[in-house]
Amino acid sequence: MSESDRLQGKFVAIIGGCGHVGLPLGVKLALAGASTRLVDINQDAVDSVNAGRFPFLEKGGDDQLRRALARGLKAAAGPEAAGAADVLIFVTGTPVDEHLNPKLSEVLRIFELYEPFLGPGKLVVMRSTLFPGTMEHLHERLTRSHPGVRIAFCPERVAQGFALDEIETLPQIVSAFDDESFKAAAELFGALAPAIVKLTPLEAELTKLMANSWRYLEFSIANQFYLICESRGVSFQRVYKAIRHEYPRAAGYKAPGFAAGPCLFKDTMQLASYFDNRFYLGHAAMLVNEGLATFVAERVKEKLGGSLWGRTVGLLGMSFKAENDDVRDSLSFKVRKLLEFAGAHVLCADPYLDWTMPLSAVLQEAEALVLATPHREYRGLQIKVPVVDVWGIYEETELEVFRTEAGSEVDAARHGSLG
Ligand SMILES: NC(=O)c1ccc[n+]([C@@H]2O[C@H](COP(=O)([O-])OP(=O)(O)OC[C@H]3O[C@@H](n4cnc5c(N)ncnc54)[C@H](O)[C@@H]3O)[C@@H](O)[C@H]2O)c1
């Protein structure tokens with residue numbers, strides 16, 4: 001979208017504004033004409049943003065950030081930067097604790113810090129993924145302490161690294177308890193998104209959690225089948241290819257791989273916690289997806305003759321997904337821990353992380369490799385040592401498919417040449 005003045009006259013503050021979700025949104029709001037302040041306790045990220053550099057990888061990031069800065073976007077570390085804003089958008093992290101329950105106290109603690117800035121007519125937008133019922137709690141609280149403040153929940157649904165594109169292409173869910181709050185939030189996001197989907201706050205909280213849990217479950221199905229095949233000495237890649245070969249119903253069948261990152265696991269656990277730990281599929285998915293790391297470490301051990309003591313293993317990829325620099329909750333670290341505990345010396349490579357070793361050095365020294373993150377750089381490598389490759393990029397499998405007479409007739413009919 002080109003720059004516009006659709007939000008001219010609005011003053012928006014984003015709490016958590018230099019994070020993965022807050023910053024792309026702040027850039028888009030500034031480009032749409034809103035006077036935008038990004039408030040964030042991470043001083044390094046604040047400095048980086050004010051200097052025109054995205055603190056993490058984001059497609060089209062630096063170019064759009066510089067244009068937004070030219071239109072008045074500013075980042076600051078102190079909460080007072082949000083003081084005069086008409087709209088306060090909260091987008092700080094919403095993690096789970098060591099018992100896999102939501103850390104609600106953290107959400108409320110940050111909210112409280114900004115309550116002194118609230119007053120009649122102001123709009124609060126919650127944008128982080130929320131535990132179901134959080135909106136009701138905040139609404140009740142504001143009704144008592146700050147009557148006249150409007151509140152809406154407008155969850156972020158972008159894919160990490162592609163937020164600047166997706167903010168403008170995905171429909172935006174907007175939910176509120178009253179029409180005034182809904183209208184104010186819909187007006188704000190209507191300047192960015194192609195469509196608004198109106199829900200109740202509880203529906204919106206569940207929509208976001210169920211979308212992420214569904215993805216986590218989908219990956220777990222592929223991983224479970226991978227574990228079954230590989231544990232029985234069958235190549236999952238061949239089975240996978242056969243399942244999908246000219247079989248349209250399996251077109252969306254996910255491939256195996258590490259399902260990690262800051263959202264899918266914790267959102268599945270939030271849903272489990274909300275449903276009193278009776279979200280059985282969610283817990284089963286966790287066991288499978290997390291268990292894959294253990295399986296991989298065991299496989300390396302097997303491939304090196306049964307012991308890892310004193311052996312050197314290379315880990316290719318430390319970020320949680322390909323072509324990204326985000327290591328939050330990446331299973332690569334779990335694999336590294338397991339390998340080291342079993343006595344291995346582990347060398348890490350990742351083209352997006354400057355603290356890792358160069359790929360060439362890892363390839364030269366490692367006695368076995370794990371393909372942990374399928375970065376483009378790792379495709380087509382000539383690997384001479386044993387490799388554990390859950391993603392299947394090094395496994396060349398061609399299915400033997402024989403066209404039959406009946407099939408040839410169908411082909412000919414399809415191409416319109418049957419005489
Ligand atoms: N990363 C994604 O792609 C994505 C996508 C959809 C939804 N979400 C959800 O969005 C929320 C934020 O995720 P994220 O990935 O942007 O996290 P993040 O860690 O990248 O960003 C959060 C930011 O909040 C800042 N912060 C923490 N405490 C603060 C405080 N007291 N005051 C001001 N700033 C503070 C942090 O310094 C950080 O920069 C989570 O609920 C997440 O589940 C994330």
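A total of 23 salt bridges is counted in the protein, a salt bridge being a side-chain nitrogen of Lys or Arg within 4 Å of a carboxyl oxygen of Asp or Glu. The structure is a predicted model, in which local features need pLDDT of at least 70 and side-chain atom pairs count only at pLDDT 80 or more, while totals for chains, interfaces and linings use all residues. Residues are numbered from 1 along each chain as its sequence is written, and side-chain values use heavy atoms, with hydrogens and water left out.

One of the salt bridges joins Glu112 and Arg141, with 3.1 Å between the closest N and O atoms. This pair links distant parts of the chain, since Glu112 belongs to helix 4 and Arg141 to helix 5 (residues 134-145), 29 residues apart. Helices (H or I, at least four residues) and strands (E, at least two) are DSSP runs, numbered from the N terminus. Glu112 has a relative accessibility of 42% and counts as partly exposed. In the terms used here, buried means under 20% relative accessible area, exposed means over 50%, and partly exposed lies in between (1.4 Å probe, protein chains only). Arg141 also meets the side chain of Glu115 in a salt bridge, at 3.2 Å from N to O. Glu115 lies in the loop between helix 4 and strand 5 (123-126) and Arg141 in helix 5, so this pair ties together parts that are 26 residues apart in sequence. Glu115 counts as buried, at 11% relative accessibility.

A further salt bridge is formed by Arg403 and Glu246, whose closest N and O atoms are 3.7 Å apart. Because Arg403 is in the loop between strand 12 (387-389) and helix 14 (405-414) and Glu246 is in the loop between helix 9 and helix 10, the pair ties together parts that are 157 residues apart in sequence. Arg403 is partly exposed, with a relative accessible area of 44%, whereas Glu246 is exposed, at 56%. Elsewhere, salt bridges that share partners join Glu3, Asp5, Asp63, Arg67 and Arg71 into one network.

Backbone geometry was examined next. Most residues other than glycine have a negative phi. Glu246, which is not a glycine, has a positive phi near 45°; the loop that holds Glu246 runs between helix 9 (236-244) and helix 10. A positive phi, of about 65°, is also found at Leu100, again not a glycine. Leu100 sits in the loop between strand 4 (87-90) and helix 4 (104-114). With 26% relative accessibility, Leu100 counts as partly exposed.

In overall terms, the protein contains 14 helices and 12 strands. Of its 419 residues, 51% count as buried. The C-alpha atoms fill a box of roughly 70 × 70 × 45 Å along the principal axes. Val39, in strand 2 (residues 35-39), is buried, with a relative accessible area of 2%. The C-alpha atom of Val39 is separated by 19 Å from that of Pro95, and the two residues are 56 apart along the chain.

The ligand is surrounded by 24 residues, of which the closest are His20, Asp40, Thr94, Gln160 and Lys266; a residue is taken as near when one of its heavy atoms lies within 4 Å. This shell divides into 10 nonpolar, nine polar and five charged residues. Here Ala, Val, Leu, Ile, Met, Phe, Trp, Tyr, Cys and Pro count as nonpolar, Asp, Glu, Lys and Arg as charged, and the others, Gly among them, as polar.

Tyr274 belongs to helix 10 (residues 264-274) and is partly exposed, at 32% relative accessible area.
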